[in-house]
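Student: Hi, could you walk me through this one? I'd like to start with the overall picture and then get into the details.

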Amino acid sequence: MAKQVIVIDDSETVRQQVAIVLSGAGYEVIEAGDGSEGATQIESNASASLAICDINMPKLSGLDLLEKVRTQNPGHLPFIMLTTEGRPELIERAVKLGAKGWIVKPFKSDILLAAVRKLAGAPA
Amino acid sequence: MRSRPQGGQGPSRAAGTPGLTIRTGRARSARPRVDGGGGPLKVQRPTAVVDGVNVDTAPVTTPSPPPTLDRDVLRETLSEVVREFFDSYSVPCAARSLTDLPPPAPPRAELGSIISLRGKSIGGGLAFVAPVDLIARLLPVPRRVEKADQQVRDWCGEITNQLLGRLKNKLAAYSLDFEVGTPVCFFGRSIRLVFLPDAEGISLGFEAASYDMRVHLDCTFEPAAIRATTDPPRIAAEGDFILF
């Protein structure tokens with residue numbers, strides 16, 4: 001069974017971009033359009049191997065989502081933040097909350113895939 | 001410590017943006033981690049090689065920003081942001097005087113997007129307006145016939161988001177920080193945005209791929225209060241990847 005990656009971004013285009021890269025490599029991609037939907041998908045897909053998450057999103061920001069997930073399930077599910085933000089204080093907050101990676105948009109496909117392979121392992 | 005070669009490989013970096021670069025590219029050989037130097041970024045150093053891809057750090061030598069942020073500096077910074085954005089998508093982009101961009105006849109379909117920004121010393125919004133055809137051309141994924149309108153609207157919003165993100169990262173050199181909202185999109189024919197009479201907006205024109213487009217920044221700030229910091233934060237640049 002293919003490993004699942006949850007992609008949380010309010011831009012459908014970005015989700016599609018990520019999905020094309022990861023599906024092409026053999027991962028199963030689950031999409032969520034905001035932080036709140038992301039929380040639901042994470043809860044519903046307990047066997048997911050990784051979350052790739054934007055920061056500035058409606059309803060629940062990526063970092064607030066990460067905090068929520070960590071509070072409910074410490075050590076659960078690695079997160080990569082995929083965002084236009086590059087400020088150190090945000091990166092530090094992500095590190096403290098247990099994020100495993102940070103990519104500044106726009107991303108390069110090979111970099112994204114390498115990060116996913118590193119954190120989620122091989123697709124199947 | 002190494003200085004990053006100018007014009008080298010890896011993601012383009014904003015000139016004038018001081019700080020840490022995590023350069024990414026195909027690994028030719030495993031390289032040791034490099035300490036990016038002092039500064040407030042306290043994240044764990046990135047792993048050197050990830051699955052065949054180098055992820056290393058290098059201090060960046062960049063010119064110091066002007067001492068104070070005024071409208072001219074903001075205008076130039078915004079112009080640089082737009083040119084760099086299009087460059088990152090391999091679309092040539094040149095600044096054009098707005099007076100050289102007369103309304104097209106017949107009026108054409110355009111899309112716009114606005115994102116609010118709000119911080120202690122700055123507030124306002126950034127708008128991006130361009131022909132639907134240009135936005136569709138920039139779309140980084142295959143067109144979905146059944147969702148064509150929704151797709152370009154979404155991408156228009158994301159373009160504005162990425163422009164504002166770049167601007168925010170560049171303005172960190174002035175210790176200027178702000179929250180970024182989520183995009184609101186609008187559609188029209190030959191859209192012209194007009195600022196309120198007492199607003200000191202910045203409107204810039206550009207030509208990209210033979211289309212003209214406009215970027216508008218409507219914001220209030222106190223120039224005298226915003227000075228370049230002697231210890232600027234190290235900003236992760238576009239395309240950078242940090243593995244904790």
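**Chain A, then its partner**

Tutor: Happy to. For 124 residues, a compact globule would have a radius of gyration near 14 Å, and chain A has 13 Å, which agrees; that radius is taken over C-alpha atoms, and the globule rule is 2.2 Å times the number of residues to the power 0.38. This is a predicted model, where local features need pLDDT of at least 70, side-chain atom pairs count only at pLDDT 80 or more, and totals for chains, interfaces and linings use all residues. Residues are numbered from 1 along each chain as its sequence is written, with chains lettered from A and ligands numbered from 1 in the order in which they are written.

Student: How much of chain A is buried?

Tutor: 55% of its 124 residues, where buried takes 20 or more other C-beta atoms within 10 Å of a residue's own, exposed means 12 or fewer, partly exposed is in between, and C-beta atoms are placed from the backbone.

Student: And which elements does chain A have?

Tutor: Chain A has five helices and five strands, in the order β-α-β-α-β-α-β-α-β-α from the N terminus. Helices (H or I, at least four residues) and strands (E, at least two) are DSSP runs, numbered from the N terminus.

Student: Switching topic: how many residues of chain B are in contact with chain A?

Tutor: 40 residues of chain B are in contact with 35 of chain A, contact meaning that the C-beta atoms, placed from the backbone, lie within 7 Å. On the chain B side, α3 (148-171) and β11 (241-243) each supply at least two residues, and α3(B) gives the most, with ten.

Student: What does β11(B) join up with?

Tutor: Strand β5 of chain A (residues 101-104); three bridges join the two, and they run antiparallel. Strands count as paired if DSSP finds at least two bridges between them. A:Ile103 stands opposite B:Phe241 there.

Student: Now α1 of chain B: which residues are buried?

Tutor: In α1(B), B:Leu74, B:Thr77, B:Leu78, B:Val81, B:Val82 and B:Phe85 are buried. Seen down the axis, the buried residues of α1(B) fall within an arc of 135 degrees, so they line one face of the helix; the arc is that of the directions from the helix axis to the C-beta atoms.

Student: What covers them?

Tutor: The cover includes β4 (93-96), α3, β9 (202-208) and β10 (211-221) of chain B. On the other side of α1(B), B:Asp72 and B:Asp87 are exposed.

Student: And just after α1(B), which residue takes a positive phi?

Tutor: B:Ser90, at about 55 degrees.

Methods: Two residues are in contact if their C-beta atoms, placed from the backbone, lie within 7 Å.
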